[in-house]
Amino acid sequence: MKSDSRIPFNWPYMTGKELYYIAESHFNGRLAGDGPFTARCHAWLEARSGASRALLTHSCTAALELAALLLDIAPGDEVIMPSYTFVSTANAFVLRGAVPVFVDIRPDTLNLDESRIEAAITARTRAIVPVHYAGVACEMDTITAVARHHELAIVEDAAQGVMASYKGRALGTLGNVGAYSFHETKNVIAGEGGALLVNDPDLVLRAEILREKGTDRSRFFRGEVDRYTWQDVGSSFLPGELIAAFLWAQLEEAEAITLRRREAWARYHEWLAPLEARGALRRPVVPAGCEHNAHMYYVLLREGCDREAVIAHCNRLGINAVFHYVPLHDAPAGRRFGRAADALPVTSSAAMRVLRLPLWVGIDEAQQARVVEALGGAIGA
Ligand SMILES: *Cc1c(COP(=O)(O)O)cnc(C)c1O
């Protein structure tokens with residue numbers, strides 16, 4: 001990319017082996033799901049994360065829907081989650097007739113504020129859904145203790161958390177189940193793709209059944225039953241082998257991808273320190289014990305700063321910086337299907353002030369310097 005050309009917000013990284021593995025699937029005539037590439041991806045994800053079982057899905061959205069089915073979430077059940085998140089976090093449970101109950105976020109990490117969960121629990125509460133924003137872990141020790149005390153399930157929305165960890169444990173393995181995304185905009189990609197990590201061994205068999213149209217086809221393929229039959233509710237949540245082949249090329253390089261993203265992240269972090277010192281913005285906070293994956297570099301602009309003007313200024317200089325979530329409790333469907341547990345002042349403030357900077361594998365120092373300079377110019381610092 002030329003140094004004076006536009007700097008996109010995201011640029012999908014290809015390892016170079018994706019088409020090679022897709023050709024292998026094609027050549028071998030293996031196209032349906034749960035073939036050899038899916039098996040490799042499952043084994044890699046299980047070995048890497050320590051989950052009892054990893055199951056590829058069409059998307060993180062599908063993995064969250066599978067999680068809601070697996071936990072028997074029913075009409076009227078309440079599920080505690082942040083409002084500052086992607087729609088799928090809520091929709092997966094709304095599809096089951098449940099009510100998302102939105103809790104405020106922490107001002108430092110923009111993750112679910114663990115100190116506010118308890119007050120949101122009612123007799124109908126069934127689950128807590130921590131979302132690990134930007135690949136930085138929620139305060140899982142506290143959340144796990146609250147869940148245990150009130151006998152609630154934990155579904156981690158670890159869409160952004162592949163290759164990140166909390167106190168040495170992979171994100172996605174800290175709840176009963178966890179969901180990963182391999183969407184094109186995430187770190188490790190398959191276009192559209194995801195995985196459900198099943199950490200509770202008692203849920204593994206049923207998760208396999210629900211994912212395979214409610215049949216015990218997975219056991220049949222393992223030779224554990226002599227035919228497969230309809231066992232339970234379910235749907236088709238599994239991706240075809242071409243997606244798994246693409247993903248396998250990415251997983252093989254997941255370590256290198258993470259390292260390169262972290263280098264770019266660290267550069268922004270260093271170069272933006274003077275602006276933070278002058279009070280012009282706030283940089284992301286990564287608490288001790290959280291190993292992040294550099295999924296995102298965002299800044300929090302000052303209260304009252306005109307974010308639209310900052311975005312427009314960057315845009316004129318060829319830099320694509322973007323805002324993030326419209327809080328779910330404020331969105332039409334959020335008002336219809338969910339409710340805020342309390343006032344959500346941190347959510348409302350962060351949603352107005354977050355600005356995400358271009359970050360992808362291959363962004364170079366000159367491009368990052370342009371971003372930092374443009375941002376400094378835009379906020380007059
Ligand atoms: C990307 C994302 C999702 C959805 O992932 P898909 O794979 O696109 O379905 C869900 N939750 C969060 C927090 C995300 O960032």
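Colleague: How many Å separate an oxygen atom of the ligand from an N or O atom in the side chain of Lys 186?

Modeller: This is a predicted model, to begin with. A pair of N or O atoms within 3.5 Å is read as a polar contact. Here the separation between the Lys 186 side-chain atom and the ligand oxygen is 3.2 Å.

Colleague: Where does the ligand sit, and which residues surround the ligand most closely?

Modeller: The largest pocket holds the ligand. The shell has 14 residues, with Thr 61, Asp 157, Gln 160, Ser 181 and Lys 186 the closest. Sorted by class, that shell contains seven polar, five nonpolar and two charged residues.

Colleague: Turning to salt bridges, how many does the structure hold?

Modeller: Side chains of opposite charge can pair when their charged atoms come close. The count for this structure is 23 salt bridges. One of them joins Glu 78 and Arg 339, whose closest N and O atoms are 3.0 Å apart.

Colleague: Which strands hold the two partners, Glu 78 and Arg 339?

Modeller: Glu 78 belongs to strand β2, residues 78-82, and Arg 339 to strand β13, residues 339-340.

How values were computed: Residues numbered from 1 in each chain as written. Predicted model: local features only at pLDDT ≥ 70, side-chain atom pairs only at ≥ 80, totals over all residues. Heavy atoms only, no water. Near = heavy atom within 4 Å. Polar contact = N/O pair within 3.5 Å; in protein donor to acceptor, adjacent residues only side chain to side chain. 1 Å grid on protein atoms, 1.4 Å probe; cavity = no way out; pocket = protein on both sides within 12 Å on 5 of 7 lines; lining within 4 Å. Sits in = over half its atoms within 2 Å of the grid points. Nonpolar A, V, L, I, M, F, W, Y, C, P; charged D, E, K, R; others polar. Salt bridge = Lys/Arg side-chain N within 4 Å of Asp/Glu carboxyl O. Helix = DSSP H or I, 4+ residues; strand = E, 2+ residues; numbered from the N terminus.
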